[in-house]
Amino acid sequence: QVQLVQSGGGSVQAGGSLRLSCAASGRTISSYGMGWFRQTPGKERDFVAAINWGGASTYYTDSVKGRFTISRDNAKNTVYLEMNSLKPEDTAVYYCAAPRGFCFGYGCYDDVRSYDAWGQGTQVTVSS
């Protein structure tokens, strides 16, 4: 089973930037896609971004396109989420996740049920 440890996040003013990292151990993630989700109190965990095993394909929810960038360094077994032009509505707990198997495209990467390993969560707070 893969273990995911997140770092980064914090508080920033609107328009600012933050970077989240997700380091994997227990299993190499180089053969798997990875995803980021976010959750606010009382709401479901929502898809943010995903990246395929090699990094050539990325997927984003519409609200973050052009502002967030997902990337990965397979040599470091780490996935990143660069968040720019942050808005107050981006405030949430962010989770990285590893899918239970092969994933391909939207319909898989953006479905929370595709994932069976989750990071501990990182609070991101954007003030206006």
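Modeller: A residue is called buried under 20% relative accessible area, exposed over 50%, and partly exposed in between (1.4 Å probe, protein chains only). By that scale Trp118, at 27% relative accessibility, counts as partly exposed, whereas Tyr95, at 14%, counts as buried. The model is predicted: local features need pLDDT of at least 70 and side-chain atom pairs pLDDT 80 or more, while totals for chains, interfaces and linings use all residues. Residues are numbered from 1 along each chain as its sequence is written, and side-chain values use heavy atoms, without hydrogens and water.

Biologist: How many aromatic pairs does the structure hold?

Modeller: A pair of aromatic rings is described by the distance of the centres and the angle of the planes. Rings of Phe, Tyr and Trp (its six-membered ring) pair if their centres lie within 6.5 Å; planes under 30 degrees apart are stacked, over 60 edge-to-face, and the rest tilted. The structure holds seven such pairs. In one of them, Phe37 and Phe47 have ring centres 5.7 Å apart and planes at 75 degrees, so the pair is edge-to-face. Phe37 belongs to strand E4 (residues 34-39) and Phe47 to strand E5 (residues 46-51), 10 residues apart; strands (E, at least two residues) and helices (H or I, at least four) are DSSP runs, numbered from the N terminus. Both Phe37 and Phe47 are buried.

Biologist: At what angle do the ring planes of Tyr95 and Trp118 stand?

Modeller: Their planes are at 85 degrees and their centres 6.5 Å apart, so this pair is edge-to-face. It links strand E9 (residues 92-99), which holds Tyr95, with strand E10 (residues 115-118), which holds Trp118, across 23 residues. Phe37, Phe47, Tyr95, Tyr115 and Trp118 form one aromatic cluster.

Biologist: Which residue lies over the face of Tyr95?

Modeller: A charge sits over a ring if NZ of Lys or CZ of Arg is within 6 Å of the ring centre and within 35 degrees of the ring normal. Arg45 lies over the face of Tyr95, at 3.6 Å from the ring centre. The charged end of Arg19 likewise sits over the ring of Tyr80, 4.1 Å from its centre.

Biologist: How many disulfides does a search of the whole structure find?

Modeller: A disulfide is a covalent bond between the sulfur atoms of two cysteines; the criterion is a pair of cysteine sulfur atoms within 2.5 Å. The search finds two. Cys22 and Cys96 are bonded, with sulfur atoms 2.1 Å apart, and 65 degrees about the S-S bond makes their link right-handed. Cys22 lies in strand E3 and Cys96 in strand E9, so the pair ties together parts that are 74 residues apart in sequence. Cys103 and Cys108 form a disulfide with sulfur atoms 1.8 Å apart, left-handed at -95 degrees. Cys22 is buried at 0% relative accessibility, and Cys108 is buried at 16%.

Biologist: Which residues of the largest nonpolar core touch the most other members?

Modeller: A nonpolar core is a set of buried Ala, Val, Leu, Ile, Met, Phe, Trp, Tyr and Cys residues joined through side-chain atoms within 4.5 Å. In the largest, of 28 residues, Leu4, Trp36, Phe68, Leu81, Met83 and Tyr94 touch the most other members. Elements giving two or more residues to this core include E4, E5 and E9. Apart from it lies another core, of nine residues, among them Ala50, Cys103, Cys108 and Tyr109.
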